[in-house]
Amino acid sequence: MSSQVNQDYNFEQEESRTLKDYIILFRSNLPAVTIIMIASLIISVIYALRSPDIFQSQSAVKITKTGGNILQAPLTPEFSDFGNDRFIANEIEILKSFNLREKVAKTLIDTFINLGQPKEFDLMFDHSETFENETKKLISINDLITKLGKVITIEQKRGLDIIVISAESHSPEEAALVANTYASVYKEYNLEINRDQLTFIRKFLDSQREEKREQLNEAEEILRSYQEKGGIIALDAQANNLISQVSDFEAQRNAAKIELMASTEILNKYKDELQKQDPKLVEYLESAASESYIKVLQEQIAELQLNRDLALTKSYQDESVKIKISEYDKKIKDLRVKLDEKIKVLKAGIFASSPEEVKSLSQKIIEEEIKNGSLRIKLKGLDDLVAKYEERFNRLPKTSLDLARFQRNRESLEKLYILVEERYQEALINEQSQPGNVLIIDDARKPDFPAKPNRPLIILVGILIGFGLAFTYVFTKNYFDNKIKTPEDIQKKNINVLAWIPEIEGISVNGTSKNEFVVALTPDSIPSESFRALRTRVQFSRPDKENLKTILITSPAPQEGKSTISINLGGSFALANKKTLIVDADLRRPQLHKVFERDKIPGVVDYLVGNAKLEEIIHRTKVDNLFFITSGTIPPNPAEMLDSSEMINFLSKVREMFDYVFIDSPPIVAVTDAEILARKVDGTILVCSAQITEIEMLTRAAELLKNDNSNLIGAVLNNFNVKAGYGSYYKYYYYYSNKSTN
């Protein structure tokens with residue numbers, strides 16, 4: 001039978017662990033958990049219902065890679081054009097920049113005013129002030145810029161060169177307007193960036209064009225005045241041919257100077273930008289572009305071009321001259337191929353170790369450095385060539401030299417002006433035809449339904465938060481709550497649990513009601529069944545059960561139900577035809593006489609001091625085989641009374657007279673009475689009360705009993721709330737409750 005009892009409790013313990021102890025905690029704190037969950041649900045529902053609708057509208061733009069830039073296209077046709085890749089990450093940063101948001105804000109304000117300031121809009125109004133006439137105040141530019149940073153979302157579609165611009169507003173029309181405005185302003189801003197360098201070239205050529213036009217007009221006026229004054233009106237054919245050649249090369253030289261000036265300006269701009277990011281790289285690029293092999297190729301190309309131009313100036317071109325010009329063109333083409341290959345190798349070496357953001361800028365600098373160097377070499381060659389023709393020109397007859405100079409200056413300026421005018425028109429066309437690399441592929445539309453708030457999600461999150469708060473409350477409370485709640489709490493202290501007694505209805509906490517004698521009043525109740533189980537486990541708690549006759553019942557602290565346990569356990573033994581005696585040895589707060597409605601005098605104290613006989617203090621109860629002895633007169637020294645030889649003789653006598661003697665004593669931690677009695681009896685039962693007994697008090701009580709070498713049979717958990725649901729305990733409760741009703 002003892003092994004069966006142990007198996008029952010092992011089963012209970014294992015099943016409890018399977019159900020996870022926190023389930024027990026939740027069920028024991030069910031009212032608080034329910035309140036927290038309901039409160040969280042109500043708050044989340046109110047928040048979801050009161051949250052205003054937020055509409056979202058999206059526009060999509062595609063970023064394309066540009067094929068080239070006019071800054072890489074020279075004024076003269078002999079230089080190559082290189083591309084400039086743009087990266088999506090850089091474009092997203094531009095979209096998020098303050099400058100772009102400022103442009104969008106200004107455009108939105110203008111559009112909003114032109115639309116007549118629609119009242120249903122939200123972002124455009126200042127909500128920080130309330131006016132009595134309910135007139136809304138237009139928001140400031142700075143505040144609108146800040147708002148745009150919060151309501152605009154920029155995202156790239158995975159794996160695509162497409163950027164989605166999302167705008168949120170309480171007004172669906174406003175959301176669509178903001179998204180579309182953002183996309184269009186970004187497109188214009190991108191176009192402005194792409195045309196920035198083209199515009200620089202166009203403005204530079206325009207200023208040169210105006211300057212050369214004035215110089216040409218001035219030269220023509222000088223020539224006309226000279227001829228009117230009676231100078232030589234015409235020159236011979238040889239002089240005219242020489243003037244034509246000199247003016248042609250002078251025009252090319254001056255055009256090369258203009259190109260060099262433009263190239264130098266552009267190069268300085270690039271270097272200034274790169275200087276802010278990587279100053280050392282600027283110096284490296286300059287030295288790399290001026291490599292001797294590159295310079296030799298550039299010089300050879302410039303020399304061949306000059307020779308070809310000289311051949312083209314001959315008035316008579318026979319077949320040999322044409323062949324020679326063709327050979328020049330082939331050699332120039334071959335040298336350019338070598339130069340391009342060298343530049344590619346140079347770029348690859350630089351880009352391999354450069355950050356992504358400086359690669360494009362580095363490429364521009366390399367190309368412009370190469371172009372700048374070629375222009376310098378070309379200019380030097382043209383200077384030398386013009387100087388040679390200058391010698392021939394100065395050998396003209398003195399009578400015609402002045403006219404030749406005036407005519408040469410006019411023709412040179414005329415050819416230069418024509419060349420600059422052509423380049424200006426090309427730059428103007430390039431500027432206007434530059435499309436940018438942004439394409440709006442999807443306009444934002446007015447949304448039919450709000451995107452936010454997601455009310456079901458808010459309620460779900462509220463429920464989860466409520467569960468989390470309840471979880472935190474339960475475990476925080478359990479962490480700081482050091483009271484015994486379940487039989488497992490006792491077992492964790494290595495104390496054997498004999499039984500758990502459920503809450504007994506109709507009795508007070510301190511056990512003063514006459515209704516607490518449940519085994520006699522309601523023998524079929526669940527508490528009565530628990531006391532019968534306790535009786536069985538006490539009987540078989542020791543192999544030599546015939547030596548277990550006097551049993552002390554105590555508790556760690558007051559009001560834990562030890563008197564109730566003593567009365568009902570004794571009654572249970574009596575109902576099992578065991579002659580049982582219950583002794584009230586609590587000489588400080590006796591309770592036994594109240595339950596059985598008898599006077600406490602005479603009692604055990606009166607017997608110990610010789611004022612009453614043993615037969616006089618033993619009283620019968622209405623239950624067969626059950627007897628009790630009250631405390632008697634309360635002595636001033638209870639501990640000395642219980643530790644007397646008379647007490648030993650008393651226990652010896654009643655041990656012989658009864659099958660079982662149960663002694664109700666004071667709490668063991670509070671006073672020493674229970675310690676004294678524990679050394680004089682056959683065994684001790686420690687009574688704990690669920691939600692009342694502190695774990696530290698239980699541990700202290702067990703230590704006191706062990707230190708006194710007393711025989712601790714085990715512990716009883718009283719007032720255990722089985723209905724709250726504690727795993728397998730509730731199954732036992734359910735089983736016995738059904739059994740009692742059948």
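1. Axes here are lines fitted to C-alpha atoms, for helices over the stretch in contact, and angles run from 0 to 180 degrees between N-to-C directions. Helices are DSSP runs (H or I, at least four residues), numbered from the N terminus. The axes of helix α17 (residues 526–539) and helix α18 (residues 562–575) come within 9 Å and cross at roughly 75°. That makes α17 roughly perpendicular to α18 (the label covers 65 to 115 degrees). Phe531, Leu534 and Val538 are among the α17 residues that make the contact (heavy atoms within 4.5 Å). On the α18 side, the residues include Ile565, Leu569 and Phe573.

2. A word on the source: this is a predicted model, where local features need pLDDT of at least 70, side-chain atom pairs count only at pLDDT 80 or more, and totals for chains, interfaces and linings use all residues. Residues are numbered from 1 along each chain as its sequence is written, and side-chain values use heavy atoms, with hydrogens and water left out.

3. How many aromatic pairs does the structure hold? There are twelve. Rings of Phe, Tyr and Trp (its six-membered ring) pair if their centres lie within 6.5 Å; planes under 30 degrees apart count as stacked, over 60 as edge-to-face and the rest as tilted. Tyrosine 607 and phenylalanine 650 form a tilted pair, 5.6 Å centre to centre with 55° between the planes. This pair links distant parts of the chain: tyrosine 607 is in helix α20 and phenylalanine 650 in helix α23, 43 residues apart. Phe112, Phe121 and Phe125 form one aromatic cluster.

4. Are tyrosine 607 and phenylalanine 650 buried or exposed? Both are buried. Buried means under 20% relative accessible area, exposed over 50%, partly exposed in between (1.4 Å probe, protein chains only).

5. Now the cores. A nonpolar core is a set of buried Ala, Val, Leu, Ile, Met, Phe, Trp, Tyr and Cys residues joined through side-chain atoms within 4.5 Å. The largest has 47 residues, and Phe650 and Leu717 are among those that touch the most other members. Helix α25 (residues 695–707) gives the largest share, five residues. Apart from this core lies another, of 35 residues, including Ile145 and Tyr186.

6. Alanine 639 is in helix α22 (residues 638–642). Why does alanine 639 count as buried? Alanine 639 counts as buried because its relative accessible area is 15%. Leaving aside neighbours within four places in sequence, alanine 639 is in contact with Arg588, Thr672, Asp673 and Ile676.

Methods
Helices (H or I, at least four residues) and strands (E, at least two) are DSSP runs, numbered from the N terminus. Angles under 35 degrees count as roughly parallel, over 145 as roughly antiparallel, 65 to 115 as roughly perpendicular and the rest as oblique.
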